[in-house]
Amino acid sequence: MSIDMAQFHQVFFEESFEGLDIMESGLLNLSPGEPDSEAINSIFRAAHSIKGGSGTFGFTEISDFTHVMETLMDEMRDGRRQITQTAVNLLLGSVDCLREMLFAVKEGKAIDAERVAEHKHALDLEQKNSGSSLQDESLPAHELLSGPAHQSASKVIGWHIAFSPHADLLKTGNDPVRMFRELSVLGELEVTADFRGVPDFYQIDPEECHLSWNLILKGDIGRGPIDEAFAWVEDDCDLAIQPLYQAEDLSLSASANRQQQPATESIVQAVISKPVDSSTAVIKEKAPGDEAKNKGSTSIRVDTSKIDTLINMVGELVITQSMLSLIGEHFDMSKQDQLKNGLAQLERHTRELQESVMNIRMMPINSVFSRFSRLVHDLSNKLGKKIDLKLIGEHTEVDKTVVELISDPLVHLVRNSLDHGIEMPDERIAVGKPETGTVSLEAYHRGGNIVIEVSDDGKGLDKDKLRAKAIEKGLLEEDAILTDKQTFELIFMPGFSTAEQLTDISGRGVGMDVVRRNIQALGGNIEIISELGKGSTISIHLPLTLAILDGQSIAVGDETYIVPLGSIIESLHIKEERINRVADKGETFLLRSEYLPIIRMHEIFKVPNVKTTKLSEGLLVVVEGQGVRCGLFVDDLLGQQQVVIKSLEANYRRIEGVSGATILGDGSVALILDIPGLVRLANQ
Amino acid sequence: MSQAAENNEIERAEKKRLATSAQFLSFTLGNEEYGVDILSVQEIRSWEPVSRIPNVPSYEKGVVNLRGAIVPIIDLRERFHLGHGQYSALTVVMVLQALIGDKTRVMGVVVDAVSNVIDVDKKSVQSAPNFGSKVSTEYINGLITVNGRMVMLLDVNKLLKLDGVDDVED
């Protein structure tokens with residue numbers, strides 16, 4: 001019977017990427033010289049399951065590569081190896097490499113064999129080089145430079161394997177004979193069974209394994225294949241694998257080893273510097289795998305408790321439904337009250353159900369935040385700055401789509417903070433700040449929004465410089481009067497960059513405007529507060545979900561439109577005398593000593609059959625979008641409701657002033673207004 | 001056994017027919033007769049009121065709710081400058097679908113009446129004559145003669161594309 005393994009690939013990849021994230025964050029928290037066995041264990045476990053999975057699915061390159069990493073970490077775990085910064089960086093680089101390999105396999109592309117071999121080589125070197133100084137398992141030194149292909153030395157003439165399975169090995173479906181057969185393919189195998197553990201005949205349990213074996217495997221064999229043969233039983237047996245040497249070679253190899261040390265060190269260094277470069281390149285340009293990443297994963301992991309709540313609600317819904325159908329069967333007017341109650345219950349349950357279904361789409365923003373430790377780690381090394389990253393509120397839950405789309409803009413903002421915000425250590429000391437700068441990422445809920453803040457305690461924005469720059473670039477009139485807020489907003493203008501020197505990390509003049517556009521596309525907005533010398537805070541406000549919106553229906557003529565409730569400030573009747581005209585065209589009205597422009601809905605949307613064109617007879621809905629306030633002139637307000645947002649673009653196209661559509665209770669379609677777009681439309 | 005052989009025979013004939021011919025759904029606009037590939041017709045509905053979309057050409061009548069999807073409705077008569085028709089309950093909306101890029105797009109087109117399913121031998125399709133700038137033939141795939149009348153075969157992909165995909169980018 002053959003099982004189509006491809007159906008499990010998706011799960012494997014997801015788990016592997018998760019594993020990689022665990023490894024990465026674990027490695028970043030690993031401080032040199034202080035072995036934290038729990039941390040190493042979790043890294044090791046992640047690597048091990050990637051290895052196991054990839055082996056199962058036949059991705060041998062991945063399992064081989066992971067195996068080398070695993071061996072290194074195994075030694076760290078056992079305390080046989082010091083944890084050095086070099087080793088940690090090397091492992092981080094390997095995690096990157098492994099991620100690329102997984103992406104390549106996932107996309108069905110070829111693995112970059114050269115890069116893999118390079119990393120593998122470096123790992124091998126690292127393993128032999130400091131490992132050998134701690135233990136006598138050293139391999140002959142002249143092998144070190146001949147590359148990974150010949151990693152097992154010709155001087156190793158074979159292996160001695162002591163294999164004593166635990167009693168329940170057979171119950172797990174493993175068969176020693178099969179493993180021996182596998183080994184015998186590798187070379188000449190001598191097997192000696194040890195019967196000492198076998199109990200009396202009367203006490204014997206035929207399902208238990210009481211034997212142990214001594215195996216001698218002769219030939220030019222690497223340790224890898226042997227480990228692989230035992231990979232599935234590692235936890236169910238006591239296993240000791242020792243290499244057999246030809247006696248005369250030992251002394252020679254030990255002395256040669258010492259000489260080679262510096263050379264290997266430099267190769268290891270060379271490879272380490274590479275992944276760092278490439279990781280910034282990833283940030284800068286997008287890694288090959290990023291396209292796939294941006295499409296977002298199509299499956300989602302959900303807390304079982306959320307599903308349980310959902311099932312409860314469906315249960316209640318079914319009960320309400322049966323109650324209602326009972327009422328309906330023999331209905332007379334006396335049951336009207338029951339019917340009303342039933343319907344009210346139905347409404348409540350439907351709403352609850354809707355909420356909890358939406359809740360399923362929510363995931364902690366942690367998945368975005370966590371990748372920043374790596375970014376900060378790499379960039380601060382590269383920039384020579386000392387930077388602490390603080391994550392606050394990383395368990396705040398956000399819609400899955402938002403999580404996926406917010407990542408790129410955030411990367412940009414954090415990079416800006418690191419590059420332009422935080423000063424060099426000596427500058428910081430000079431102005432009396434702590435040497436180590438702090439960048440913090442904070443997420444929290446406020447009203448129906450989620451707020452994400454990126455703040456730093458760096459040098460802040462210089463208002464005068466911003467202004468001068470804007471004038472120089474022709475983005476601003478020389479005599480323009482700007483509020484502080486407006487000045488800071490200059491950085492969101494296209495083609496604006498204040499960094500005196502463009503670095504490859506940030507400051508290419510495209511960026512902040514793109515960030516703002518992306519955020520606006522998500523229905524959010526972005527604000528910046530800054531104080532010269534103290535630092536800056538950029539806050540992003542995003543709707544909690546992109547699928548449902550609290551809306552206010554308004555009537556214009558025979559048509560119904562939805563205004564997002566969040567953008568409505570108030571609605572009012574207006575008296576003729578409070579209306580002022582500018583050049584007889586532009587109408588404004590005075591609201592609490594602020595002149596607001598009036599947008600007549602029926603004019604900009606060319607609605608026929610309006611009830612009235614006299615401002616005093618309709619209603620003004622005061623709305624705010626992107627910091628601009630205005631009054632929308634409409635016929636009437638209809639009611640508030642939650643609406644499901646449907647895309648107009650799926651079958652049609654973008655319409656200026658409209659952010660989407662929804663289906664009303666009567667089955668007809670109503671357009672959802674996009675306030676900033678309306679303002680733009682009115683200004684044309 | 002003879003039954004099986006017969007079935008095979010029919011299948012083979014069918015395959016042969018598919019390779020050389022295609023089926024088109026013909027419909028009328030005023031006095032003119034048009035045809036679209038029947039495989040692109042998803043369903044035929046009667047006219048129902050639409051929700052108007054502001055600031056678009058008048059032939060884009062608006063959008064309707066088609067089982068939860070928002071689908072635009074285009075008046076082909078107005079699109080082809082054939083004057084304005086009166087809508088009644090008998091007015092027909094053909095819901096067409098086309099694969100544009102990697103997405104399926106659905107759109108309703110208002111036509112006067114749907115007339116027939118016609119079998120077209122691919123060899124008998126003539127290319128549309130060039131009228132220069134006087135008449136745009138860009139949506140016409142070819143012309144055929146059915147019962148002495150000329151039927152213009154429309155390219156659904158182009159027809160659906162014209163309503164926006166290109167504009168969406170900017």
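Q: What makes strand β19 (residues 628-634) of chain A largely enclosed by the rest of the structure?
A: A residue is buried if 20 or more other C-beta atoms, placed from the backbone, lie within 10 Å of its own, exposed if 12 or fewer, and partly exposed in between. Five of the seven residues of β19(A) are buried, so the strand is largely enclosed. This is a predicted model: local features need pLDDT of at least 70, side-chain atom pairs count only at pLDDT 80 or more, and totals for chains, interfaces and linings use all residues. Residues are numbered from 1 along each chain as its sequence is written, while chains are lettered from A and ligands numbered from 1 in the order in which they are written.

Q: How do you know that strand β18 (residues 619-625) of chain A and β19(A) pair?
A: Pairing takes at least two bridges found by DSSP between two strands. β18(A) and β19(A) have seven, in the antiparallel sense. A:G625 stands opposite A:V628 there.

Q: Which sense of pairing joins strand β17 (residues 594-600) of chain A to β19(A)?
A: Parallel, over three bridges. A:I598 has A:G631 as its bridge partner in β19(A).

Q: Why does the span of helix α4 (residues 85-107) of chain A agree with expectation?
A: The expected span is 1.5 Å times one less than the number of residues. For the 23 residues of α4(A) that gives 33 Å, and the end C-alpha atoms are 33 Å apart, so the two agree. A:G108 follows α4(A), with a positive phi near 75°.

Technical notes
Helices (H or I, at least four residues) and strands (E, at least two) are DSSP runs, numbered from the N terminus.
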